[in-house]
Amino acid sequence: MANPILPTNGTHELQERYAKSIVAIKRIENVVRNLFRKDYEGNPLAGAVKIPTRNTEVTVASYDVASGVSLTTSATSYTTVTITQDKAVNELIDGYEANAVPDNIVAQRLDSAGYSLGRAQELYAIGQLEANGTQGATTTETAANDVYSSILTDVKSLHKLGIAFNDLRIVISDDIWQKLLTDTKFSNTASTIGAELIRSGVVSKIGGVNVYVSSNMRDVDDGGDGYNYTTEWIVFSPLWAQTVEDWKVLPTINDLKDGSHIGASALQGRMVYEDTLLDSTTCLVKVIKTAQ
């Protein structure tokens, strides 16, 4: 049984440890969301943050030894992102007061909280890319022998916008992953991708761009217009995909004094977060559209 930790002896340290445990677990579930940038100004708890975005580039001019070079200016604008996601964990632990919950039950609840929160965040992040990215004109299912070249075309399109290959990512559905494995250009690369990349979620590369597989892509989603939508792949730049999060209430185990529960406690915590795509042209989404 866990040693009792009184409210005046290490409670905040315990909360921070729980918070770190949940965050570590949820990151395993955040395959795509982990790719987003985390560059913002302000406090998410205030309800909104500002994200710096350059709207002009620094001018490079020829230097004249006698007259020098004209002074130019560039600017950094800010995009305000409103925090819309507010999630809570309130998991009952029956039969134990807060200071007597066994360590194994604490670990189980933290693991479950991390998994559930991570899945919710991952679905939301991918949904933001799907909803706000640029959808291609072709909405029919991609044949296996066309998948590799079609994804390569999307990579080329974004690269022509000036986005470096290193700043691009490819996310594919399980169905597309299966089709790609029939293409030797993909499967041969997959066999030599390296253990380190596999641990980070990368399964292969297409055109030098890392490929990730997600089972959380939109699948037969009713768009409310008489059609179903399924996402085959997403090619995007994380430089324009932003994630923000913070604990509004650090997780801890509290006694339930609600007049209904006796000798019970609960793991309770609350997190606010937001994921957004700053520029729709930096994200290409391949969608299958079928009549219901």
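## The second largest pocket

The second largest pocket has a volume of about 240 Å³. A pocket here is an open set of points on a 1 Å grid over the protein atoms alone, where a 1.4 Å probe fits, with protein on both sides within 12 Å along at least five of seven lines. Lining residues have an atom within 4 Å of a point. Of the 14 lining residues, those closest to the centre are Lys-26, Arg-27, Arg-33, Lys-38 and Glu-245. Strand 10 gives the largest share, five residues. The lining has five nonpolar, three polar and six charged residues. Asp, Glu, Lys and Arg count as charged.

## About the model

This is a predicted model: local features need pLDDT of at least 70, side-chain atom pairs need 80 or more, and totals for chains, interfaces and linings use all residues. Residues are numbered from 1 along each chain, and side-chain values use heavy atoms, without hydrogens and water.

## Salt bridges around Glu-245

The structure holds nine salt bridges (a side-chain nitrogen of Lys or Arg within 4 Å of a carboxyl oxygen of Asp or Glu). Glu-245 pairs with Lys-26, with the closest N and O atoms 3.0 Å apart. This pair joins strand 10 to helix 1, 219 residues apart. Glu-245 also meets Arg-33 in a salt bridge, 2.8 Å from N to O. Arg-33 lies in the loop between helix 1 and strand 1, 212 residues from Glu-245.

Which of these residues are buried (under 20% relative accessible area, 1.4 Å probe, protein chains only)? Lys-26 is, at 2%. Arg-33 is too, at 4%.

Definitions and conventions:
Grid points are joined across faces, edges and corners, and a volume is the space filled by probe spheres set on the points. Helices (H or I, at least four residues) and strands (E, at least two) are DSSP runs, numbered from the N terminus. Buried means under 20% relative accessible area, exposed over 50%, partly exposed in between (1.4 Å probe, protein chains only).
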